[in-house]
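I opened my notebook to get to know this structure. Here is what I looked up, entry by entry.

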Amino acid sequence: MALEKQLELGDREERVRKQTAVYVYEAPLRLWHWVTVFCILTLSITGYFIGSPLPSVPGEASDNFLMGYIRFAHFSAGYILAIAFIGRIYWAFVGNNHSRELFIVPVWRAKWWSEVWHEVRWYLFMAKTPKKYIGHNPLGQLAMFCFFVIGNTFMILTGFALYGEGQGAGSWADQMFGWVIPLVGQSQDVHTLHHLGMWYIIIFVMTHVYVAVREDIMSRQSLISTMIGGWRMFKDDKPD
Amino acid sequence: MSQIETFYDVMRRQGITRRSLLKYSSLTAAALGLGPSFAPQIAHAMETKPRTPVVWLHGLECTCCSESFIRSAHPLVKDVVLSMISLDYDDTLMAAAGHQAEAALEQTLEKYKGEYILAVEGNPPLNEDGMFCIVGGKPFLDQLKHAAKNAKAVIAWGSCASWGCVQAARPNPTQAVPIHKVITDKPIIKVPGCPPIAEVMTGVITYMLTFGKIPELDRQGRPKMFYGQRIHDKCYRRPHFDAGQFVEHWDDENARKGYCLYKVGCKGPTTYNACSTVRWNEGTSFPIQAGHGCIGCSEDGFWDKGSFYDRLTNIKQFGIEQNADEIGTAVAGGVGAAIAAHAAVSAIKRVASSSHKDQGEQDS
């Protein structure tokens with residue numbers, strides 16, 4: 001309650017004095033998170049097997065459609081990922097303050113940069129104690145933007161440009177995203193970058209999962225359960 | 001302009017019968033994907049329209065475009081189109097040579113000002129003021145600019161004129177550039193390929209002569225009717241791709257069965273051309289039908305995209321030369337190792353700090 005009062009008073013620094021559970025991630029945002037997890041998993045696996053196909057299947061071509069199914073799964077997951085991302089952008093407008101953290105990184109605030117630095121020191125074992133955060137910690141927020149928002153946007157653009165090649169000239173995907181191909185060079189270059197983008201996202205996922213688990217154990221607030229139930233719990237009553 | 005003869009006049013002079021003209025018209029209509037109703041339209045245009053002069057220039061090139069062109073599938077196509085266009089200027093194919101040839105060019109440029117189509121095979125080198133390619137005692141660069149000045153439209157024959165091709169490949173000592181870097185004020189129709197397919201070349205010219213306008217182009221300036229789809233989209237081996245049946249090695253059983261060449265580096269999925277529909281040498285075959293993957297010769301910078309058997313471009317930054325997946329695997333492995341190390345240190349630190357509990361949270 002004390003916290004909410006502080007927020008109402010316009011304290012932008014969101015200092016957490018007491019152990020209070022705060023509702024951070026609203027239901028649509030949590031749904032989006034887990035849908036995206038499912039999509040990235042599907043897209044990475046199927047995408048890898050489109051680039052480096054499985055051993056050949058025996059029998060007549062008319063009896064098999066393995067690559068077709070793998071590509072179908074890839075394209076479907078791509079559609080879901082992109083539509084969910086559009087929904088996520090919409091939620092940044094209508095959701096709570098934390099729903100905007102992903103897109104609006106306050107790089108113009110000196111205080112925020114000093115907290116980024118603190119987090120860097122925390123991860124380098126130079127700071128003994130982490131700070132409390134209701135939303136993302138500043139370093140996490142920066143990483144989220146650089147890896148996820150940019151990476152995801154890049155994959156959607158290149159992905160639908162490549163999809164448009166298969167759909168053919170004049171298809172909606174070609175009309176909306178076809179410009180990506182001459183911008184980059186030619187089709188093969190877009191393929192190359194789309195492959196690189198997958199690894200960029202995979203590296204993000206690895207780091208993201210590790211940090212979430214580590215913070216859940218070592219930081220002073222809940223992490224993983226927050227993305228399931230939406231509530232941020234704090235482990236101590238000490239000031240931030 | 002009244003004394004300019006029609007296409008039909010030219011054909012009759014060449015001994016081509018009206019029946020042959022009609023056959024040619026229906027064949028061309030089919031090649032352009034226009035449907036049977038357009039055949040009379042083409043014939044009518046040929047009979048009534050004054051012949052459009054074409055000037056054909058050669059820059060840095062290997063003449064493979066010309067070689068391809070004179071091997072058009074239907075002999076009639078060659079006779080008709082070639083006889084119509086070589087009359088004006090083509091230093092490789094015309095009878096005149098030397099000063100006479102240059103005089104013929106000047107005459108054509110002057111007589112058909114703003115009416116002629118400029119076809120360019122090869123490209124200009126810019127280094128040393130264009131001295132790496134001299135035509136008629138002058139840099140080709142000058143001839144190209146001069147001829148382009150009053151052209152109605154420009155056709156870029158082949159990958160050289162369209163993209164730069166081999167002479168523009170790294171390190172490109174002569175600074176060869178595609179013609180659109182030099183000619184910036186005219187519509188350019190790119191007909192890439194090394195060489196382009198003969199029927200595609202004659203098809204593009206015939207379309208322009210018949211309808212008096214340039215064909216519909218895609219974003220990169222290629223005629224949609226021939227470059228609207230990838231080799232992969234119309235490949236007769238595509239069912240094997242969708243089924244997941246691939247040639248794993250060049251000499252394996254799957255190669256004998258004619259499976260998809262994707263895994264041995266076929267660039268069909270990234271190459272826009274008409275090979276899988278029009279094919280080559282009177283529709284006899286095309287690379288994939290002969291058992292070899294597409295090397296992507298009609299794509300921008302195909303010499304610089306790694307080997308002919310790579311479907312991903314090698315990344316050469318930071319002194320490494322690997323493809324995206326190799327780099328990705330290595331980096332992901334590195335990040336994984338770093339995470340493991342970080343986790344280990346975190347665990348040790350945690351154990352160490354819990355052993356002396358009195359450590360406070362003075363840090364903040």
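Helices (H or I, at least four residues) and strands (E, at least two) are DSSP runs, numbered from the N terminus. I noted that Thr63(B) has a positive phi of about 70° although it is not a glycine.

A word on the ground rules: this is a predicted model, in which local features need pLDDT of at least 70, side-chain atom pairs count only at pLDDT 80 or more, and totals for chains, interfaces and linings use all residues. Residues are numbered from 1 along each chain as its sequence is written, while chains are lettered from A and ligands numbered from 1 in the order in which they are written.

**Cis peptide bonds.** I found Arg170(B) joined to Pro171(B) by a cis peptide bond, with omega about 0°. Pro171(B) lies in the loop between α8 (158-162) and β7 (188-191) of chain B. Another cis bond, also with omega about 0°, joins Cys194(B) and Pro195(B). I located Pro195(B) in the loop between β7 and α9 (198-211) of chain B.

**Domains of chain B.** I read off domain 1 (7-226), domain 2 (229-313) and domain 3 (324-356); such bounds come from an automatic or database domain assignment. The centres of domain 2 and domain 3 of chain B, taken over C-alpha atoms, are 43 Å apart.

**A helix pair in chain A.** How do α2 (27-51) and α3 (66-94) of chain A cross? Their axes come within 8 Å and cross at roughly 150°. Axes are lines fitted to C-alpha atoms, for helices over the stretch in contact, and angles run from 0 to 180 degrees between N-to-C directions. α2(A) and α3(A) are therefore roughly antiparallel to each other (the term for angles over 145 degrees).

**Where the chains meet.** I counted 47 residues from chain B and 42 residues from chain A in the contact (C-beta atoms, placed from the backbone, within 7 Å). On the side of chain B that touches chain A, α11 (238-243) and α14 (324-355) of chain B are the elements giving two or more residues. α14(B) provides the largest share of that side, 13 residues.

**A record check.** UniProt, in an unreviewed entry, places "domain: Cytochrome b561 bacterial/Ni-hydrogenase" at residues 24-230 of chain A; positions follow the numbering used here, feature names are shortened, and annotations may be inferred rather than shown by experiment. I saw that this span is 71% helix and 0% strand, with end C-alpha atoms 6 Å apart.

Definitions and conventions:
Angles under 35 degrees count as roughly parallel, over 145 as roughly antiparallel, 65 to 115 as roughly perpendicular and the rest as oblique. Two residues are in contact if their C-beta atoms, placed from the backbone, lie within 7 Å.
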